[in-house]
Amino acid sequence: ATVALMTGAGQALAKDIKVGHMADYTGATSSVGKPYGQGVADALAHINKTGGVNGKKIDVETVDYSYEIPRAIAQYKKWLGDQVVAIQGWGTGDTEALVSFVGKDQIPYFSASYSGHLTDPTGKGTHGSKPAPYNFFYGPSYTDGCRALVQWAAEDAKKKGTNAPKFVHMGDNHPYPNAPKEACAAYAKELGFTVIDPIQYSMKPGDFKAQCLSLKESGASYAYLANTSGSTISLLKSCETVGVSTQFLGNVWAMDEAAIKASGDAANGMIFVVGAADWKSTAAGMATLREISKISDPTGTEYRPLHYIRGVCSAYFMRDAMVIADKTSDGVTGPQIKKAMEALKDHVPSGMEGVCLPSTWTGDDHRGTTKVFMYQANAKGAEQSIAKIGEVDVPRKADWLGW
């Protein structure tokens with residue numbers, strides 16, 4: 001047999017499977033982009049190390065686009081020319097901007113944007129969602145995460161005897177923080193909340209005392225934080241300074257172990273969404289996860305945050321779909337990966353038992369899971385920790401599709 005040698009430019013063998021990986025390591029969301037991107041990169045490297053996709057290697061190019069939508073679009077066009085069959089993507093603004101491109105070009109796009117707008121493959125949703133047939137993401141949507149938090153808040157208000165509690169959405173005016181705004185507010189109203197005008201604060205960390213004073217004056221009992229952890233830290237500290245007593249609720253990127261450490265007491269009691277096991281879990285799949293982690297940490301001592309683990313899950317769902325696609329006569333093509341994803345039912349990636357949530361995608365519904373884990377930050381004094389305080393199975397209502 002002829003041996004194809006790797007050239008200096010890293011030329012891949014013809015049978016390798018080309019994949020693009022769009023990451024934010026230096027932009028506005030890099031505080032969570034770095035661990036997530038590392039999870040994707042380590043997982044793909046580990047997949048290659050342990051047999052690839054039925055013996056085929058995944059040839060991945062990781063690009064840091066610094067959370068800039070024009071750069072993401074330019075990179076996508078380049079990858080199209082390179083004939084990638086799938087992409088591990090990142091942000092909401094860029095993922096939503098590329099929806100029609102990836103649909104037309106038949107490139108499955110596994111994003112770290114969990115925007116509800118990406119869950120409607122056929123465009124039949126009643127809230128004006130565009131068809132997103134080639135968009136997939138692992139975990140509950142931002143909207144379903146927010147609905148779960150609002151359910152928790154409604155029960156909490158009842159316990160406290162608060163009538164008509166006030167709810168407020170806080171975040172930047174950007175596609176990502178805005179994604180669940182309207183749908184979650186509608187659900188909060190349904191559950192008896194008085195929804196007050198959203199309060200805007202930047203994705204870039206800064207002094208948010210003015211916003212915290214507005215929050216205090218509004219009398220809101222519950223505030224949903226829709227940005228990423230970097231600006232959450234600033235907001236929590238600013239609000240502590242002006243004496244805000246609102247219960248903070250955060251989306252899946254708003255809080256993590258590093259942010260609790262950085263916020264100190266200001267993060268205490270915050271409730272936030274988690275979409276997979278955490279590093280302290282003893283589930284069977286943690287053995288695989290620890291091996292994956294050794295790709296970039298050979299010592300095996302590094303604590304991996306929540307986002308790293310979701311990045312691994314995203315890569316592994318793609319891998320399992322590729323394994324199925326590879327067994328078809330067409331092989332690993334975009335349409336075959338899509339077809340394989342839409343045939344997964346209560347699927348947990350092989351080796352990830354108890355780590356990744358069982359997920360189901362169909363040709364009509366790309367809400368992989370509507371199960372939401374809720375954790376609480378304990379930040380008092382030296383003992384900082386996160387603990388699961390509940391889970392909600394959000395109903396998979398037809399009229400919530402794409403919203």
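# Notebook: a look around the model

I began at helix 7 (residues 181–190), where Ala-183, Cys-184, Ala-185, Tyr-187 and Ala-188 are buried. Buried is under 20% relative accessible area, exposed is over 50%, and partly exposed is in between, with a 1.4 Å probe and protein chains only. Helices (H or I, at least four residues) and strands (E, at least two) are DSSP runs, numbered from the N terminus.

A note on the source: this is a predicted model, in which local features need pLDDT of at least 70 and side-chain atom pairs count only at pLDDT 80 or more, while totals for chains, interfaces and linings use all residues. Residues are numbered from 1 along each chain as its sequence is written, and side-chain values use heavy atoms, with hydrogens and water left out.

**Around helix 7**

I looked up what the buried residues of helix 7 pack against, and found helix 5 (142–160), strand 6 and strand 7 (194–195). Contact here means heavy atoms within 4.5 Å. Just after helix 7, I noted Gly-192 with a positive phi of about 95°.

**Strand 9 and its partners**

Next I followed strand 9 (residues 222–225), where Tyr-222 and Tyr-224 point one way, Ala-223 and Leu-225 point the other way, and all are buried. Which strands pair with strand 9? Strand 6 (residues 166–171) runs parallel to strand 9 and is joined to it by four bridges. Strand 10 (residues 247–250) is also parallel to strand 9, again with four bridges. Two strands pair if DSSP finds at least two bridges between them.

I then picked out Ala-223, which is the bridge partner of Val-168 and stands opposite Phe-248 in strand 10. From strand 9 the chain passes through helix 9 (residues 229–241) to strand 10, a β-α-β crossover that is right-handed. Right-handed means that, with the strands pointing away from the viewer, the path from the first strand over the helix to the second runs clockwise.

**Pocket and cavities**

Helix 10 gives the most, with four residues. By class, I read the pocket lining as six nonpolar, three polar and four charged residues.

For the terms, the search used a 1 Å grid over the protein atoms alone: a cavity is a set of points where a 1.4 Å probe fits but cannot get out, a pocket is an open set with protein on both sides within 12 Å along at least five of seven lines, and lining residues have an atom within 4 Å of a point. Grid points are joined across faces, edges and corners, and a volume is the space filled by probe spheres set on the points. Ala, Val, Leu, Ile, Met, Phe, Trp, Tyr, Cys and Pro count as nonpolar, Asp, Glu, Lys and Arg as charged, and the others, Gly among them, as polar.

How many cavities of 30 Å³ or more does the structure hold? I found two. The largest cavity has about 70 Å³ of space, and its lining includes Trp-90, Tyr-176 and Trp-253. That lining has six nonpolar, five polar and no charged residues. The second largest cavity has about 40 Å³, with Tyr-114, Tyr-224 and Val-273 among its lining residues. Helix 5 gives the largest share of this lining, three residues.

**Single residues**

I checked Gln-75 in helix 2 (residues 69–81). Is Gln-75 buried or exposed? Gln-75 counts as buried because its relative accessible area is 11%. Leaving aside neighbours within four places in sequence, Gln-75 is in contact with Met-22, Glu-61 and Val-63.

Tyr-25 sits in the loop between strand 1 (17–23) and helix 1. With a relative accessible area of 25%, Tyr-25 is partly exposed. Beyond its neighbours within four places in sequence, the contacts of Tyr-25 include Ser-30, Lys-34 and Asp-64.

Last, I looked at phi. Most residues other than glycine have a negative phi. Ala-164, in the loop between helix 5 and strand 6, has a positive phi near 45°. Asp-346 also has a positive phi near 45°, and lies in the loop between helix 13 (334–341) and strand 12 (371–378). Asp-346 counts as exposed because its relative accessibility is 55%.
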